[in-house]
Amino acid sequence: MSAEAQRLLEELGQALEALLLAGTTTASSATQRTLTAAFEAASKARFLRLGATLRLVLEELKRFDSAPERFSGARLAFFVDRAWLLAQATRRALAAGDTAALERLNASPTQVRAESLTVATLGVQRRYVPGAFSAFEFRLRLLDAAPLADGRVLDRGTPLVYGMVFPATAGGQLPPEAMLALPQKQGYRPAELLEGKALTITPALLGGSPLRLALLPDSRVTTGVAVTDWRTLAPRDPAHWRARVAAYRPDPLELPIEFADELLLEDWTLLGDFAPSTVPGREAEREAPLAALGCRFTLRIDAEPATLAQRLQAVNGAQALYAAVHLEYGRQVLTPLALLGESPEYPGLDPTKFNRTTLVRALHASVVSQK
Amino acid sequence: MSAEARHEALALVLTLSTQLDALVVRGLRATGAEDRARLAGHCEALKQMGATQLAAALGELLAAMGDGRREAAQALLALRARLRVFERLLTQRAVVAEWAAAEAAGALP
């Protein structure tokens, strides 16, 4: 296994270097075949992070040929870098028999089982890349203390993240929000996460930092009573983020958004209109300067839905803004998760598009257009 | 490093990153004299701001590209990794300074 893995990683490194020398346009089909084979072998060998990174490289190369308007050179370059660094570091760790380094490089955090979790959705972020995927990241809060199988007990208010990704092949012509109306095997529709009610999940797996929630095939999600004390669940102290920034140690494998936190901004003001981002790879998104806590932030949103920018400009500080925050090119970049009054409003989603009627209509239109 | 110098350094990092992204797409073998001249200009600017390790990494890339060596690919990857870490460090310092200024102004809760 080790010799085979070493050979795989060496060939992969060479294929990535060949890609850089030849360029995307003239990359030989042999190089692309090697990358595809390496992706399959890496996944089989349980090099999950490397496998996932190679999948992104291959998707971007495919996009270069089939949908150049959606291709991003910055994205391709980043994932080629990451794949090469992972391959080199994994090869060295294998040669040295360094299992701790291998675990770190694979970034596959241990998951622990919780028999029951009661949560509420404080915010949600939508990412929509036409022709690629729709993704939703639900920012949950634990409503009751929860014991874990390893003996730890999570306190009420503990933040959890639950992500759902819908590939474009499944989305077709549907608006991204329509995916939230699809029934899941655990007996719920994702739209139910947005009804302001307590949700009980039995059982679930948790792992990583922040804790990411994973449902099991036999998990069940049931809706409970309306939550009323949202304010007690929101992040209170920006000092936590400030301290993390001060202690931050950069990692060349890390995407900027992978070092992130959450802020609740009670007083905030937009200092200008939304305009297309100038950051490489982010050109499809829009940004506006925002003042809060004596700092100048950048508020970044997807271009769609158009109602999001309008809503944020209309509110402009009249309601608290609950947002994710990360660092990028000298700035603190915010991504809105919710506007928080008595209860959360999720401005990144169009509520008219995630009901069953919209889903059925969109599916019907999609079927008709394919005939 | 002053806030102004940091701002200039971040602008240079963004420009250089964008040029290196373009090299990845076009391929190192397709680079011409104009590309190399621009990179050499960035190399000089990095030296002047004291980012000597980054300047050395860029110098290695330029040398390997000039000789048409296969090692240019590894030099590009090594440079990009260092550039990303440099950007993160500059950003961290900028944001730490911004929070300190906010605290000094009494803007924090």
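Leu56(A) counts as partly exposed because it has 17 C-beta neighbours inside 10 Å; by this scale a residue is buried if 20 or more other C-beta atoms lie within 10 Å of its own, exposed if 12 or fewer, and partly exposed in between, with C-beta atoms placed from the backbone. The structure is a predicted model, in which local features need pLDDT of at least 70 and side-chain atom pairs count only at pLDDT 80 or more, while totals for chains, interfaces and linings use all residues. Residues are numbered from 1 along each chain as its sequence is written, and chains are lettered from A and ligands numbered from 1 in the order in which they are written.

Leu56(A) belongs to helix 3 (residues 48–66) of chain A; helices (H or I, at least four residues) and strands (E, at least two) are DSSP runs, numbered from the N terminus. In sequence, 17 residues separate Leu56(A) from Phe39(A), and their C-alpha atoms are 9.9 Å apart in space.

In chain B, helix 2 (residues 33–48) has 16 residues and should span 22 Å at 1.5 Å a residue, which agrees with the 23 Å between its end C-alpha atoms. The expected span is 1.5 Å times one less than the number of residues. Within helix 2 of chain B, the residues Leu39(B), Cys43(B) and Leu46(B) are buried. The buried residues of this helix fall within an arc of 65 degrees when seen down its axis, so they line one face of the helix; the arc is that of the directions from the helix axis to the C-beta atoms. An α-helix has 3.6 residues a turn, so residues three or four places apart point the same way. The other side of helix 2 of chain B carries exposed residues, namely Ala33(B), Glu34(B), Ala37(B), Gly41(B), Glu44(B) and Gln48(B). Helix 1 (3–26) and helix 3 (52–66) of chain B are included in what covers the buried residues of helix 2. Just after helix 2 of chain B, a positive phi of about 90 degrees is found at Gly50(B).

Ala55(B) lies in helix 3 of chain B. With 18 C-beta neighbours inside 10 Å, Ala55(B) is classed as partly exposed. When residues up to four places away in sequence are not counted, Ala55(B) touches Cys43(B), Leu46(B) and Lys47(B), where contact requires C-beta atoms, placed from the backbone, to lie within 7 Å. Ala55(B) and His42(B) are 13 residues apart in sequence, and the distance between their C-alpha atoms is 8.2 Å.

The largest nonpolar core has 118 residues, and those with the most contacts inside it are Val80(A), Ala83(A) and Leu76(B). Such a core is a set of buried Ala, Val, Leu, Ile, Met, Phe, Trp, Tyr and Cys residues joined through C-beta atoms within 7 Å. Helix 4 (residues 72–104) of chain B gives the largest share of this core, twelve residues. Apart from neighbours within four places in sequence, Val80(A) contacts Leu16(A), Leu19(A), Leu20(A), Val57(A) and Val24(B).

Chain A is divided into domain 1 (2–106), domain 2 (111–227) and domain 3 (232–342), with bounds that come from an automatic or database domain assignment. The C-alpha centres of domain 1 and domain 3 of chain A lie 32 Å apart. Their contact takes six residues from domain 1 of chain A and four residues from domain 3 of chain A.

Note on methods. Contact = placed C-beta atoms within 7 Å.
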